[in-house]
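Notebook open. I list here what I looked up and what I found.

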Amino acid sequence: MNMVCVSTDWRVHAPRRAVIEVRQERVRPRPANRAVANDPHQKVGSFAETAPEDREEFVALLEEAFAGL
Amino acid sequence: MPDSNPQIGDVYYYPYVWNCQFQGAVAEKDRPCCVAIRLQTSFKDGCNVFMLAISTTGFPEGGMGLEIPTDEIRRISGLNASQTHWLTTSEDNRTIHTSPVFDPSEYRGTFSNDFMKNTVFPHIKALVLGGGMKEGGAAAPSR
């Protein structure tokens, strides 16, 4: 134990420790033996193949969605 | 927060089906995929979540993609930031936000709003407006 003299009085000297930054990573293990789960609602598409008559409506929906970020 | 309600920028392990696979194909494996778009209301095909595949091998031949910045890769657990990762934008998988595949255990992280808003969004918008690789080609059901 370290003792220091403060105003003619001896006190225990407990130096401050540096704060250690702790970063906890959120890693969830995948369930064991999990088979590939198919998505029953899945469709394959392409943005470039959006029908010409749908483009304006789709872009408006996109802008609405990204405006919320 | 990660949950079963996917939002723009979230990365999930997802059973992605490539365009080059035959119709009705099933995913070869789950791969990290980014929720590129989460619409408030569903589009004409009933889908409101658009997933883009993440890979280290680039994008399909003749396709398009974005190189993902290293800082963004570091936000996703399970991805090696020392490798170059690509976001394939020339094709996507579409689904609905209530799909059972969006399980919290499949969530791996979220790309920054800055990356999604300033890089991914303009790219997708340009593809939609300037696309036309195949006129009127709506999303083809894969199964």
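Which side chain does a polar contact join to that of Asp92(B)? I found Arg94(B), at 2.6 Å. I count as a polar contact a pair of N or O atoms within 3.5 Å; within protein, one must be able to donate a hydrogen and the other to accept it, and residues adjacent in sequence count only if both atoms are side-chain atoms.

Ground rules first. The model is predicted, so local features need pLDDT of at least 70 and side-chain atom pairs pLDDT 80 or more, while totals for chains, interfaces and linings use all residues. Residues are numbered from 1 along each chain as its sequence is written, chains are lettered from A and ligands numbered from 1 in the order in which they are written, and side-chain values use heavy atoms, without hydrogens and water.

**Entry 1: Asp92(B).** I placed Asp92(B) in strand β6 (residues 92–95) of chain B; strands (E, at least two residues) and helices (H or I, at least four) are DSSP runs, numbered from the N terminus. Asp92(B) is buried, with a relative accessible area of 0%. Buried means under 20% and exposed over 50% (1.4 Å probe, protein chains only). A polar atom of the Asp92(B) side chain lies 3.4 Å from the backbone nitrogen of Ser46(A). I then listed contacts (heavy atoms within 4.5 Å). Beyond four places in sequence, those of Asp92(B) include Lys43(A), Phe47(A), Tyr16(B) and Met51(B).

**Entry 2: strands.** I checked β2(B): eight of its eight residues are buried. β2(B) pairs with β1(B) in the antiparallel sense over four bridges; DSSP must find at least two bridges for a pair. Tyr13(B) has Pro32(B) as its bridge partner. β2(B) and β3(B) are also antiparallel, over five bridges.

**Entry 3: α1(A).** Which residues of α1(A) are buried? I noted Arg55(A), Phe58(A), Val59(A), Leu61(A), Leu62(A), Ala65(A) and Phe66(A). They cover an arc of only 160 degrees around the axis, so they lie on the same side of α1(A). I take the arc from the directions from the helix axis to the C-beta atoms. On the other side, Glu56(A) and Ala67(A) are exposed. The cover over the buried residues includes β2, β3 and α2 of chain B.
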